[in-house]
There are 2 protein chains.
Amino acid sequence: MSFHIHHRNNNNTTTQPSLSDVPKRYVAIIGGGLVGTLATLYFAQRGWDVNLFELRKDPRIPENSENSGIFQRSINLALSVRGLSALSKPNLDLEKIVLESAIPMKGRMIHIGKDKLSSQPYGSFGENIYSVERNFLLESLFNTVESFNNVKIYFQHQLKRCDFDKGLLEFENKEDGKLVQYTADLIIGADGVHSTVRRQLMRIINMNYQQEYIPHIYCELTIPPKVTEKGNETEFIMDSNHLHIWPRHSFMLIALPNKNKSFTCTLFMPHENFDSIKTEDDLITFFQCNFPDFIQLIGEQQLKKEFFHNPKGSLLSIKCKPYHYRNRAIFIGDAAHCMVPFYGQGMNCGFQDVELLDSIFDKYNITSFRSDDDKLNLALEEFTNIRQPDSVAICDLAMYNYIEMRSRVTSPLYLIRKKVEDWLHWLFPRRFVPLYTMISFSTMRYSDAIQRWKRQRRIFNVTWITVSTGIAISVFWRYYYRRLRW
Amino acid sequence: MSFHIHHRNNNNTTTQPSLSDVPKRYVAIIGGGLVGTLATLYFAQRGWDVNLFELRKDPRIPENSENSGIFQRSINLALSVRGLSALSKPNLDLEKIVLESAIPMKGRMIHIGKDKLSSQPYGSFGENIYSVERNFLLESLFNTVESFNNVKIYFQHQLKRCDFDKGLLEFENKEDGKLVQYTADLIIGADGVHSTVRRQLMRIINMNYQQEYIPHIYCELTIPPKVTEKGNETEFIMDSNHLHIWPRHSFMLIALPNKNKSFTCTLFMPHENFDSIKTEDDLITFFQCNFPDFIQLIGEQQLKKEFFHNPKGSLLSIKCKPYHYRNRAIFIGDAAHCMVPFYGQGMNCGFQDVELLDSIFDKYNITSFRSDDDKLNLALEEFTNIRQPDSVAICDLAMYNYIEMRSRVTSPLYLIRKKVEDWLHWLFPRRFVPLYTMISFSTMRYSDAIQRWKRQRRIFNVTWITVSTGIAISVFWRYYYRRLRW
């Protein structure tokens, strides 16, 4: 085992004359996923020297992506206002590039029986969320990041150990198996659900931590594009402007459209149900019984191949506190708050982390020069204090939607309530805002959204009871009571 | 680094003739604390070959205990019925040995003001809990364990890695720094709050896990024995048959009697309060303001010395699920359910784990011979299913008592309620049982105790409201209503 000490390169590009003798700040960002690369972009624009470390190979080289484990993760994601806001802030047209390749989804399409469909719009004013492909988004971010010359990217670097007080990081370079060390003024952990930065921090601080697996696991399936009658063109086999859901109470199937006119579908089901499907016949019987229209869409052969071949993933929710250590480290994205995917907010929340951290740095006027370590400490502490209740709120909401999506969406009472809520929002767009709208079509704090929702629901319930009691009394008075008396 | 493969010794002592060709089962118990040594005893009696691994040196050798970290843990513990039941089951007079050196405590002694004391008995029929010294208990257990010749004890062995499927364990022998490997049919993790067995299992199974630090930290202090007037004898400086409490709402101090007539006291206080006491003058001012009688008991010099010298410990609560892995591993005691110390149930609950596991092994008729691996799997699964809700229940109760002990015990409403409850229990000993009695003076399941408590509380509240409303109405009728009419 050999140790290679990396000396910092000094190609500072935005050195301000008055501070030229103060050393520049180095930030090490661990994890080159969506949140890590966006954070790299923000820090690069802020003038810091950034080292980005990623365990996998460069995802932009096609032969890498298959073995890099990127296909273990879901292929497409739902981008909404929070994510778009964070992408647009650096003013680099990132959100435009992304939206050009995204497919707007204006609502849920509920597949009730064999051929019975029902559309439930997401917003009262035609708002959309966007289906984007993870790989395309990641490539766009990497391409933008690489245009900054204060950024260095290290692929195939696996973090082994951190000494936070010294700002020392030890990696294994997967190419040659050697251990290498780097130093940084600030360490940012964007290394996902099984974060090494978080685990290393847990050794030195008292961290409250909770991880909870849900009984459901998932498997991805692909509905191929439909070949048109002309034969050399393809089209979507279903309405492409919806997120399709087959709710079946204890399990469900969803489908999101892709740019190549296929749909990526995810089957969420308890472990035991997966285990009970052992043969191809079991599979076809199960689908014919529960998703008869889906077999026609995907085709029997494709279904058999993918169901038994594709990996099954588990789903978990992680909450913890704090997210920072003094002025030395912070962790963001899934590392800080992993959530089940049922509100489509995982990536959006991670992107908003980056935007929030940036705005707190603005507030404390933190420059790229090593001169204000106390302020940095305060800024990181403020990040924990602001973001932690919001992360808990959205993790809980995602868990709540886990039941809503697979079960409640078909209940008549839910549908009436949703109609009334949409109508109230249309009547009083500022006074009454449905929860889904606050979460997906605004950037307000998640915890504020939930508080406001609870308040609205109280008013809604009181009004509902008053009005219905009023109607009942009037009817009683008009038809029965008067008849009884005369 | 060298590897030493340990070959199993075959000194089977209780080989049954009919099964003599079936290999004996090896159990590796990780952690020679209170729970690990008791488990060793149970398995030794069951006829298994037991290897007990402990990180520290032998605690029975006096020069070891100071450096072994054992003094980082609380020195005395409250033993109650659950712990006693588990100690008595092996029929080795262990509970008698322990009780001879234990001090019965019949209630709480609340120190309200400077000289105002109030005794609150634990049970309506004079039941006691017992103050026992950790070291004495541990030594008694080790001495009993060593009398079995199917037990081998390895001190200074730190578990590094487990391969559960192969039953392979890798330790670092702290004496020579070498890595050694052992195999076992069953691995039992009794390695405490920072359990390596649990951490290793989390890598291969989906474990739900939660750790929560409370804002309070603790510091131990000692009240020395009082020298009698004759001069060569000592006596207790306070009533020795109580657990003394100085509740001060946001913090508190408790004291448990020791056999040598000293008291071991623990100050529980938020971090900030500890931080604000910087000098000896700060300390004396703080104690004079909050615990004036305590300064007289401990003496200024002793207080100053111990407060600044003794380590400050943090307090956390851990819940997780499952506790087992197939038929290969299980973890018990603090490793499975660490709780804050405010119900005095940590050790009792760990001891009960051992007794429960043993009774489940009895139920499934699991012998010491390797012939029934499926049954072993079922038994371990049953342990998780039965014990997990009970562990959660007692962890939650301990957290609830954290507020009760430092604050609620002085409220008049609490005291009236407790009096009425004690009186009801005295009247209907089987029908109405206070929660504390069910937890400390019975072996019923913790979760059943809580359910029963909730049911009793509902009946209690309804009765309370009915009776008081009845009285109010009678009074109103007698004095006002009749006067108003005539």
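Modeller: The turns below set values against definitions.

Biologist: What are the ground rules?

Modeller: This is a predicted model, in which local features need pLDDT of at least 70 and side-chain atom pairs count only at pLDDT 80 or more, while totals for chains, interfaces and linings use all residues. Residues are numbered from 1 along each chain as its sequence is written, chains are lettered from A and ligands numbered from 1 in the order in which they are written, and side-chain values use heavy atoms, with hydrogens and water left out.

Biologist: Which residues of H13(A) are buried, and what puts them on the same side?

Modeller: Buried means under 20% relative accessible area, exposed over 50%, and partly exposed in between, with a 1.4 Å probe and protein chains only. In H13(A) the buried residues are A:Tyr414, A:Lys418, A:Glu421, A:Asp422, A:Leu424 and A:His425. They cover an arc of only 160° around the axis, so they lie on the same side of H13(A); the arc is that of the directions from the helix axis to the C-beta atoms. An α-helix has 3.6 residues a turn, so residues three or four places apart point the same way. The face turned away from the buried side carries exposed residues, namely A:Pro412, A:Leu413, A:Lys419, A:Trp423 and A:Trp426.

Biologist: Which exposed residues does H13(B) carry on the face turned away from its buried side?

Modeller: They are B:Pro412, B:Leu413, B:Lys419 and B:Trp426.

Biologist: Are B:Cys289 and B:Cys395 buried or exposed?

Modeller: B:Cys289 counts as exposed because its relative accessibility is 62%. B:Cys395 has a relative accessible area of 1% and is therefore buried.

Biologist: What makes S9 and S21 of chain B edge strands?

Modeller: Two strands pair if DSSP finds at least two bridges between them. The open sheet has six strands in the order S9-S3-S2-S13-S22-S21 (chain B), with mixed pairing. S9 (151–154) and S21 (324–325) each have a single partner strand, so one side of each is left without a neighbour in the sheet. S21(B) meets the pairing criterion with S22(B), residues 329–331: two bridges join them, and they run antiparallel. B:His324 stands opposite B:Ile330 there.

Biologist: What makes S4(A) and S8(A) a pair?

Modeller: Strand S4 (residues 76–79) and strand S8 (residues 129–133) of chain A share four bridges in the antiparallel sense. A:Ala78 has A:Ser131 as its bridge partner.

Biologist: Why is B:His249 called partly exposed?

Modeller: Its relative accessibility is 48%, so B:His249 counts as partly exposed. B:His249 also has a positive phi of about 65° although it is not a glycine. Most residues other than glycine have a negative phi, and most peptide bonds are trans.

Biologist: Which peptide bond of chain B is cis?

Modeller: The bond from B:Lys321 to B:Pro322 is cis, with omega near 0°. In chain A, a cis peptide bond joins A:Lys321 and A:Pro322, with omega about 0°.

Biologist: How many residues are in contact between chain A and chain B?

Modeller: Contact means heavy atoms within 4.5 Å. Ten residues of chain A are in contact with ten residues of chain B.
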